[in-house]
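Hi,

Here is the structure I promised to pass on.

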Amino acid sequence: MEEVDQAFIQNPENRPKLSITQAEGIPVINLSPIIHNTVQDSSAIQALVKEISSACKEWGFFQVTNHGVPPTLRLKMEEASKMFFAQSLEDKKKITTDDTGLPGYHDTEHTKNVRDWKEVFDFLSNDPTLVPLNSDEHDDQVTYWTNPSPQYPPHFKVILKEYIKEMEKLAFTLLELIALSLGVEAKRFEEFFIKDQTSFLRLNHYPPCPYPHLALGAGPHKDSGALTILAQDEVGGLEVKRKTDQQWVLVKPTPDAYIINVGDVIQVWSNDAYESVEHRAIVSTEKERFSIPFFLFPGYDAEVKPFEELINEQNPSKYRPYKWGKFLVHRKDSNIKKQDVENLQIYHYKLP
Ligand SMILES: O=C(O)CCC(=O)C(=O)O
Ligand SMILES: [Fe+2]
């Protein structure tokens, strides 16, 4: 029996049941009316907007097909990810810039203070990415994060950049649909990302785990940004907390589809019309698993608060404003190092 490393052990209430209900209910939305809009078919787009609205309200998650991302590019990205992680730990650790968390290779991430059974490689959309120097609200100093230059696998950086461009394109399309579904202008979200978005792509590798009933690949969490676009492989392991009964349900892999979820930032912008839903990744004793999330994050200077046009006397603002960059830097510190205090969450900004 291998020794159990206590750092990975989830609290009893968070340990996964490994006999699982598959989520048949997660909506699959066909984006072809908007991706291949040769004719301006506004009724088809209206129908799409309705589907997105229901999915965001009922699940906080949906899958998209006919999303316009070339399957060959996805395959190239997935293959490059496998080749990267297949290297020795020593070689991978060469691609770690420091221990601030971004970007490069890491294998010590904690979700809510329990270590995840995974290794990751992070790569920024913008190189360099401007960020606050620290999380102190009264300090205006900025610094920047830059991407590493891995030498292996061949063309890794080119593939990462090309793939990220496609993720951004899809993310902006989805943001427009989400904006329309909330009843605000289609381009309402754009200003928060155009200049200094802090988005990044993450390659996740979950190796086989000798105690999958005790540990998790990614502990239960909500994504803190605006939107996440996830490619999961055929192994599967993503579980979503179903809103109707709070049960964990497995998201069945759909070949070529992307899994989309709204993050905390959209929850705040929408004044809780859409909620960022909790999810986690389970691991298995036999199979390794790969997933590739793209996290769409606003510019560091973006102020996150409910949209004016969505609040009124009957529906007052539920949050006090916060600066995205400060939140990001604060979270980054607590995700890498185990801390005694709970990490920063949007409910800390909730108005009474
Ligand atoms: O690998 C997965 O399926 C989920 C990963 C995830 O939720 C995350 O990296 O934020
Ligand atoms: Fe996540």
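Predicted model: local features only at pLDDT ≥ 70, side-chain atom pairs only at ≥ 80, totals over all residues.

Helices (H or I, at least four residues) and strands (E, at least two) are DSSP runs, numbered from the N terminus.

Residues are numbered from 1 along each chain as its sequence is written, and chains are lettered from A and ligands numbered from 1 in the order in which they are written.

Now the overall picture. There are eight helices and 19 strands in the protein. Its radius of gyration (taken over C-alpha atoms) is 20 Å, close to the 20 Å from the globule rule (2.2 Å times the number of residues to the power 0.38) for 352 residues, so the protein is as compact as a globular protein of that length. Of the contacts between residues at least 6 apart in sequence, 78% link residues at least 24 apart.

Next, look for the open sheet of eight strands, with mixed pairing and the order E2-E3-E15-E12-E17-E10-E7-E4. Two strands count as paired if DSSP finds at least two bridges between them. At the edges sit E2 (28-30) and E4 (104-106), each pairing on one side only. On average, neighbouring strands here are turned by 25° against each other, direction ignored. (Axes are lines fitted to C-alpha atoms, for helices over the stretch in contact, and angles run from 0 to 180 degrees between N-to-C directions.)

Inside that sheet, E7 (residues 119-124) and E10 (residues 200-206) are antiparallel and share six bridges, with Leu124 opposite Phe200. Helix H3 (residues 71-85) lies across E7, E10, E12 (227-232) and E17 (289-296), at about 115° to E17. Helix H5 (residues 156-182) packs on the sheet as well, touching E7, E10, E12, E15 (258-262) and E17, and its direction makes about 130° with that of E12.

Finally, which strands does E13 pair with? One is E16 (residues 279-281): E13 (residues 238-241) pairs with E16 in the antiparallel sense over three bridges, and Leu238 faces Ala281 there. The other is E14 (residues 248-251), also antiparallel to E13 with three bridges; Glu239 has Leu250 as its bridge partner. Six residues lie between the strands in the hairpin of E13 and E14, where Gln246 takes a positive phi near 60°.

Cheers

Technical notes: Contact = placed C-beta atoms within 7 Å.
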